[in-house]
Amino acid sequence: MTTLPASAPAFVDVEEARQRLAEFGYLSDDRLATTVFLQTRLDKPVLLEGPAGVGKTQLALSLARATGRRLLRLQCYEGQDETKALYEWDYGKQLLYTQILREKIGSIIEDAVGLDESIERIAKQDSVFFSERFLAARPLLEAIDSDDPVVLLIDEVDRADEALEAVLLELLSEFQISIPEIGTIHAKHLPYVVLTSNNTRDLSAALKRRCLHLFLDYPDSVRELEIIRSKDTGLSEALAARLVEIVRDLRTLDLRKAPSISETIDWARTLAVLGVEELTSDVLSSTLNVVVKYERDLKKALDAIPRMVDPNARVPDNLHGHGHGHGHGHDHAHGHGDADQRHESGDVDGRVARLAKDQPGRHDQGYYGAGVTLGPSRAVPPGQGSRSFSARKRPV
């Protein structure tokens with residue numbers, strides 16, 4: 001294989017990589033800026049793993065803008081095959097050419113001697129139908145065959161089947177694609193490849209070995225505040241700082257999906273549009289659906305919001321979202337006394353109370369009824385032994 005010359009480095013050093021990414025809206029730390037710089041020098045793909053919404057996809061978008069390259073994106077999904085990722089044949093175009101050949105076939109074989117020669121002449125036309133003229137390039141092939149250097153984003157590769165992951169190995173290691181009917185197509189310009197994964201499944205060691213690897217997690221409070229400030233949300237500095245603290249508290253809850261950075265930005269813009277001047281429990285609870293997207297998570301977050309804002313505050317009943325919808329008309333006074341006690345004790349989600357209920361020996365003997373004792377020597381109430389399935393009579 002002919003070795004391709006390395007493409008010109010996009011960045012002079014790590015600091016320039018950080019600055020140019022920041023110019024296009026991406027604030028990176030030292031590890032990330034170093035990884036991006038090494039990618040442009042070593043011509044290796046970058047695999048970014050981490051929870052959803054921490055800026056993995058956005059890095060590829062900002063890298064394309066910072067380097068002036070066109071962005072090609074392959075969005076992975078379950079059941080995706082190579083025809084949607086690599087290439088497929090343009091069958092409609094092939095059918096049209098077949099009709100043309102049918103009209104011309106008489107002139108092709110008119111002076112042929114015998115059937116064998118006629119078939120041979122027709123067979124020579126087969127290669128026409130499997131040439132690059134009929135090849136419909138998909139993102140992977142387009143990135144390799146592009147006349148201009150590109151940034152290739154392979155997004156959520158963990159959602160793809162392992163078969164597609166195996167197809168990627170040749171591309172990631174050799175920057176080439178093999179097509180049986182044509183041959184091997186080598187990259188005209190080495191693309192910058194960024195793969196992202198939300199860790200829904202483990203990726204193969206072979207794929208990871210071909211990539212520079214970086215795990216992206218939620219940023220610290222200082223950097224997250226910088227990110228919100230850079231997006232010009234319209235929220236004041238003090239409220240933005242307080243909002244970041246609340247979001248970080250929400251991420252400590254046992255949620256199905258923790259609030260992402262982009263959702264924090266959306267929440268800040270929402271509060272700015274509403275003209276909020278103070279982050280109260282009522283305001284946060286009424287806009288909580290901007291960052292919390294599952295009903296179970298919403299109930300947990302609504303219970304936790306008062307503690308985050310003010311230990312003595314309470315969320316209005318109409319924001320708890322019972323959602324019965326049948327107008328039973330019962331009041332909501334039941335259990336509020338216990339809820340107040342939980343808020344005062346810091347047991348917002350009732351976890352401590354539930355654990356206490358699970359302790360053995362928490363009820364006295366009278367709780368189980370007369371004549372019943374706990375433990376191995378449990379007595380059987382009188383007459384209970386006479387009740388058995390064998391003694392029952394079935395109706396005739």
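A crossing of two helices is called left-handed if the near helix is turned anticlockwise from the far one by less than a right angle, and right-handed if clockwise. Helices (H or I, at least four residues) and strands (E, at least two) are DSSP runs, numbered from the N terminus. This is a predicted model, in which local features need pLDDT of at least 70 and side-chain atom pairs count only at pLDDT 80 or more, while totals for chains, interfaces and linings use all residues. Residues are numbered from 1 along each chain as its sequence is written, and side-chain values use heavy atoms, leaving out hydrogens and water.

**Exercise 1. Describe how helix 11 meets helix 12.**

Step 1: find the geometry. Helix 11 covers residues 221-230 and helix 12 covers residues 237-251; their axes come within 10 Å and cross at roughly 125 degrees. Here axes are lines fitted to C-alpha atoms, for helices over the stretch in contact, and angles run from 0 to 180 degrees between N-to-C directions.

Step 2: classify the angle. Under 35 degrees counts as roughly parallel, over 145 as roughly antiparallel, 65 to 115 as roughly perpendicular and the rest as oblique. Helix 11 is therefore oblique to helix 12.

Step 3: The crossing of helix 11 past helix 12 is right-handed.

Step 4: list the contact, meaning heavy atoms within 4.5 Å. Helix 11 contributes Ser-221, Glu-224, Leu-225, Ile-228 and Arg-229, and helix 12 contributes Glu-237, Ala-240, Ala-241, Val-244, Val-247, Arg-248 and Arg-251.

Step 5: sort these residues. Ala, Val, Leu, Ile, Met, Phe, Trp, Tyr, Cys and Pro count as nonpolar, Asp, Glu, Lys and Arg as charged, and the others, Gly among them, as polar. The contact of helix 11 with helix 12 then holds six nonpolar, one polar and five charged residues.

**Exercise 2. Work out the strand order of the five-stranded open sheet.**

Step 1: recall the pairing rule. Two strands pair if DSSP finds at least two bridges between them.

Step 2: read the order. The open sheet runs 2-5-8-1-9, with parallel pairing.

Step 3: look at the edges. Strand 2 (70-75) and strand 9 (212-215) each have a single partner strand, so one side of each is left without a neighbour in the sheet. On average, neighbouring strands of this sheet are turned by 20 degrees against each other, direction ignored.

Step 4: check the pairs around strand 8. Strand 1 (residues 46-49) pairs with strand 8 (residues 192-197) in the parallel sense over four bridges, and Leu-48 stands opposite Thr-196. Strand 5 also runs parallel to strand 8, joined by four bridges, with Leu-152 and Val-193 as bridge partners.

**Exercise 3. Which residues of strand 8 point one way, and which the other?**

Step 1: apply it. Tyr-192, Val-194 and Thr-196 point one way, whereas Val-193, Leu-195 and Ser-197 point the other way.

Step 2: check the cover. Buried means under 20% relative accessible area, exposed over 50%, and partly exposed in between (1.4 Å probe, protein chains only). Six of the six residues of strand 8 are buried.

**Exercise 4. Find what Asp-147 contacts beyond its neighbours within four places in sequence.**

Step 1: Asp-147 lies in the loop between helix 8 (139-145) and strand 5 (150-155), and at 56% relative accessibility it counts as exposed.

Step 2: apart from those neighbours, Asp-147 is in contact with Lys-188 and His-189. Asp-147 and Lys-188 are 41 residues apart in sequence, with 6.6 Å from C-alpha to C-alpha.
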